[in-house]
Amino acid sequence: MQQSAMLSKVAIDLEKHRWADVIRQCQHFIQFYSQNKIPTHVDVEEIASAYRMLGKAYEGEGKIAPAIASYRQALQIQPDWVDCQLDLAWLYGEAGEIAPAISTYNKILQQYPNWQEVRYNIAHLLQQQGNITAACQQYRQILKGSHESLPVALYVAIHYNLGVCLQDSGLTEAATTSYQQVIRWQPDHINAYNHLGCAWIHLA
């Protein structure tokens, strides 16, 4: 998105974590357009950008509810803005609002069905929710493709969390296979060694 000179300055303040200045300027910008102008297409994009920056500033201050509200306002204006969808989904997850987080990630997958990091985020949220069966299905779905297409860190995280899910489900032997894959690709993964050791003791 192109930005006006004012929003460019706000973006600089945002990078410098000047949260209060960003909030004040974004609120002024939004209020000006809502009261004084009939927005053009470019103006609408800038209003959405102002709402997103407002959300980031609120998030920086630890004010989760107004940050979520700001991201949602931005997405009402630009519904397919994936960067803002990611912001919103992540913040929902941080707030423990698992269902809307997953719903937002699924909207992203409608645009980018092969975005495996997003699928991983959904699986991890399901795991946090205690929906272990669904989480296992998601992790396995990602692993159906070639692991060479995945970043190593993501491949390791998937196998580790899949192992935890399998172990929690009583599928201990299957869990050991996942932990061994983790260790193969990240030999210093202490948690994988610990879980693998416990699994072997259980199987002995």
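**Figure 1. Phe-29 in the predicted model.** Phe-29 has a relative accessibility of 5% and therefore counts as buried, the cut-off being under 20%. The model shown in this and the following views is predicted. Phe-29 belongs to helix H2, which spans residues 19-36. Tyr-33 lies in helix H2 as well, four residues from Phe-29, or about one turn of the helix. Tyr-33 is also buried, at 9% relative accessibility.

**Figure 2. Aromatic pair of Phe-29 and Tyr-33.** Across the whole structure, a search finds six aromatic pairs. In one of them, Phe-29 and Tyr-33 are 4.8 Å apart centre to centre, with 45 degrees between the planes, and the pair is tilted. Ring pairs also bring in Phe-32, linking Phe-29, Phe-32 and Tyr-33 into a cluster.

**Figure 3. Aromatic pair of Tyr-112 and Trp-115.** The ring centres of Tyr-112 and Trp-115 lie 5.7 Å apart. Their planes stand at 85 degrees, so the pair is edge-to-face; the cut-off for this class is over 60 degrees. Tyr-112 is partly exposed, at 40% relative accessibility. Trp-115 is likewise partly exposed, its relative accessible area being 27%.

Figure 4. Helix H9 covers residues 152-168 and contains His-159. With a relative accessibility of 10%, His-159 counts as buried. When neighbours within four places in sequence are set aside, the residues in contact with His-159 are Leu-143, Ser-178, Gln-181 and Val-182.

Definitions and conventions: Residues numbered from 1 in each chain as written. Predicted model: local features only at pLDDT ≥ 70, side-chain atom pairs only at ≥ 80, totals over all residues. Heavy atoms only, no water. Helix = DSSP H or I, 4+ residues; strand = E, 2+ residues; numbered from the N terminus. Buried < 20%, exposed > 50% of the residue type's maximum accessible area, 1.4 Å probe, protein only. Contact = heavy atoms within 4.5 Å. Phe/Tyr/Trp six-rings, centres within 6.5 Å; stacked < 30°, edge-to-face > 60°.
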